[in-house]
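Opening the notebook on a new model today.

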Amino acid sequence: AQMESDDERASPDALRKMMGALADHPDWDGVSCRTTLIGWPRPGMERYVAWQNSLVTPEEMAAGRFIEIPALHQTAMFRTAAVRKVTGGRYRDGPVERREGEEAEPGDALDVPVDMHW
């Protein structure tokens with residue numbers, strides 16, 4: 001699970017449920033949960049959160065990836081092996097900048113792990 005400094009922390013119960021879902025579904029690379037918007041109300045963000053919260057099955061999330069990111073990374077937990085597979089073993093925010101002549105590696109263009117495949 002990834003949290004940033006301005007994110008509200010998930011309850012231990014939420015983390016336990018996500019870990020349980022991954023344990024129950026060894027074929028899943030990750031799991032996410034619904035979210036609640038906090039702070040000042042903004043109509044666009046309220047619509048975005050409502051849309052994200054409407055995607056509850058892997059099929060709905062897979063279809064949603066062509067519209068926008070179907071789950072905020074702050075609401076998700078991914079298996080380490082899945083993150084390493086798509087990032088070439090590295091985990092960081094922001095794409096890697098290579099020097100001229102330096103060979104690209106898997107995951108160089110990824111911003112954050114949520115950019116992985118669905």
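Predicted model: local features only at pLDDT ≥ 70, side-chain atom pairs only at ≥ 80, totals over all residues.

**Entry 1: the whole chain**

I started with burial: 29% of the 118 residues in the protein chain are buried, where buried means under 20% relative accessible area, exposed over 50%, and partly exposed in between (1.4 Å probe, protein chains only). Residues are numbered from 1 along each chain as its sequence is written, and side-chain values use heavy atoms, with hydrogens and water left out.

Next I looked up the surface. The accessible surface of the protein chain is about 8100 Å², and carbon and sulfur atoms hold 55% of that; the areas come from the Shrake-Rupley method with a 1.4 Å probe, and for residues only the protein chains shown count as cover.

Then the secondary structure: I get four helices and two strands. These are DSSP runs numbered from the N terminus, helices being H or I with at least four residues and strands E with at least two. Along the sequence the pattern reads α-β-α-α-β-α.

**Entry 2: the core**

Which residues make up the largest nonpolar core? I find five: Met18, Ala21, Leu22, Val31 and Met77. The term covers buried Ala, Val, Leu, Ile, Met, Phe, Trp, Tyr and Cys residues joined through side-chain atoms within 4.5 Å. Helix H1 (residues 12-24) gives the largest share of this core, three residues. As background, nonpolar side chains in soluble globular proteins tend to be buried together.

Setting aside residues up to four places away in sequence, Met18 touches Val31, Ser32, Cys33, Thr75, Ala76 and Met77.

Thr75 sits in the loop between helix H3 (58-64) and strand E2 (76-78).

**Entry 3: Arg79**

I moved on to Arg79, in the loop between E2 and helix H4 (80-87). Its relative accessible area is 26%, so Arg79 is partly exposed. What does Arg79 contact, leaving aside neighbours within four places in sequence? I find Leu22, Ala23, His25, Pro26, Trp28 and Asp29. Leu22, also a member of the nonpolar core, is 57 residues from Arg79 along the chain, yet their C-alpha atoms are separated by 8.2 Å.

How many salt bridges does the whole structure hold? The search gives two, counting a side-chain nitrogen of Lys or Arg within 4 Å of a carboxyl oxygen of Asp or Glu. In general, side chains of opposite charge can pair when their charged atoms come close.

In one, Asp13 meets Arg16 at 2.3 Å, N to O. Asp13 and Arg16 are three residues apart in helix H1, which means about one helical turn separates them. Asp13 is partly exposed at 34%, whereas Arg16 is exposed at 52%.

Lys17 also bridges to Asp13, with the closest N and O atoms 3.5 Å apart. Here the spacing in H1 is four residues, again about one helical turn. Lys17 is exposed, with a relative accessible area of 52%. Shared partners join Asp13, Arg16 and Lys17 into one network.

**Entry 4: rings**

I found one aromatic pair in the structure. Tyr48 and Trp51 are stacked, at 6.2 Å centre to centre and 20 degrees between the planes. The rule: rings of Phe, Tyr and Trp (its six-membered ring) pair if their centres lie within 6.5 Å, with planes under 30 degrees apart stacked, over 60 edge-to-face and the rest tilted. Both residues lie in helix H2 (residues 43-54), three residues apart, about one turn of the helix. Trp51 is partly exposed at 22%.

One more ring: the charged end of Arg42 sits over the ring of Trp40, 4.4 Å from its centre. That call needs NZ of Lys or CZ of Arg within 6 Å of the ring centre and within 35 degrees of the ring normal.

How values were computed
Contact = heavy atoms within 4.5 Å.
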